[in-house]
Amino acid sequence: MTNKHYSLLLKQASALVSGEPDFIANAANVASLLYHNLEQVNWVGFYIFRGDELVLGPFSGQPACTRIPVGKGVCGAAFSQQSTLLIDDVHAFPGHIACDAASESEIVVPFSSKEFKGVFDVDSPVQNRFGVDEQRLFESIVALFNEI
Ligand code: SME
C-alpha cells in the first residue's frame, strides 16, 4: 500500500483485533477507528447476513437502516455479487438506499469471517471519494476478519 496514512490505519486495525476472537467487538472498534481517522467519511459499518437478509451490525455514524434485502441497494448488490462495489455518485445507482441523506459516494466490500458473512460499508458526503487506494485499504481491513 503506497499511502502511508492508510498503511498505518491498517496496522492499527490489525493491532486492535489481534488476540480478540469476538467478531462484534472487533467490528465495533474497526468501524470507530476508521470513522474517526478518515477524512470526508460520514458512516462506517458492518451489515451481517442473518436469516435471509442483511442486518445492521457495529457502526459509527448516524443511525442507519436496520435491514437490507439481499440484492437491494449497494450493500445488497455487493453481497449478492460477492464483489466490492465502488459508487462515485450514489444518486446514479439504481435502488440505492439513502439511510443518511448526506451520503454522496459509497464503497461496499463483502466479508466472510468464521462466524458471520456480510458487507463492510463506508459512506462519504462528497462524490468520487473512493478510489483504488481506498478499495485496497478496505479489502485489507475486511481480510483481518477472515480468521475471526
Ligand atoms: N446506502 C446503502 C445502505 C446502507 S447505508 O448507507 C448505511 C445501500 O444502498 O445499500
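With a disulfide taken as a pair of cysteine sulfur atoms within 2.5 Å, how many disulfides does the count come to?

Modeller: The count comes to one disulfide. This is a predicted model, in which local features need pLDDT of at least 70 and side-chain atom pairs pLDDT 80 or more, while totals for chains, interfaces and linings use all residues. Numbering runs from 1 along each chain as its sequence is written, and side-chain values use heavy atoms, without hydrogens or water.

The partners are Cys65 and Cys99, with 2.1 Å between their sulfur atoms. Their disulfide is left-handed, because the torsion about the S-S bond is about -120°. Cys65 sits in the loop between β2 (53-61) and β3 (67-69), and Cys99 in the loop between β4 (85-87) and β5 (105-112), so the bond ties together parts that are 34 residues apart in sequence. Elements are DSSP runs numbered from the N terminus (helices: H or I, at least four residues; strands: E, at least two).

Now the ligand. It is surrounded by 13 residues, and Val74, Cys75, Ile97, Glu106 and Asp123 are the closest; a residue counts if one of its heavy atoms lies within 4 Å. The side chain of Asp123 places a polar atom 2.6 Å from an oxygen atom of the ligand. Val74 contributes through its backbone, with an N or O atom 3.0 Å from a ligand oxygen. In the side chain of His96, an N or O atom is 3.3 Å from a nitrogen atom of the ligand. On its own the ligand has 310 Å² of accessible area (Shrake-Rupley, 1.4 Å probe), of which the protein covers 99%.

Two or more residues of the shell come from each of β1 (43-50), α3 (73-81) and β6 (117-124). Helix α3 gives the largest share, three residues. By class, the shell holds eight nonpolar residues, two polar and three charged, where Asp, Glu, Lys and Arg are charged, Ala, Val, Leu, Ile, Met, Phe, Trp, Tyr, Cys and Pro nonpolar, and the others, including Gly, polar.

Conventions. A polar contact is a pair of N or O atoms within 3.5 Å; within protein, one must be able to donate a hydrogen and the other to accept it, and residues adjacent in sequence count only if both atoms are side-chain atoms. A disulfide is a pair of cysteine sulfur atoms within 2.5 Å.
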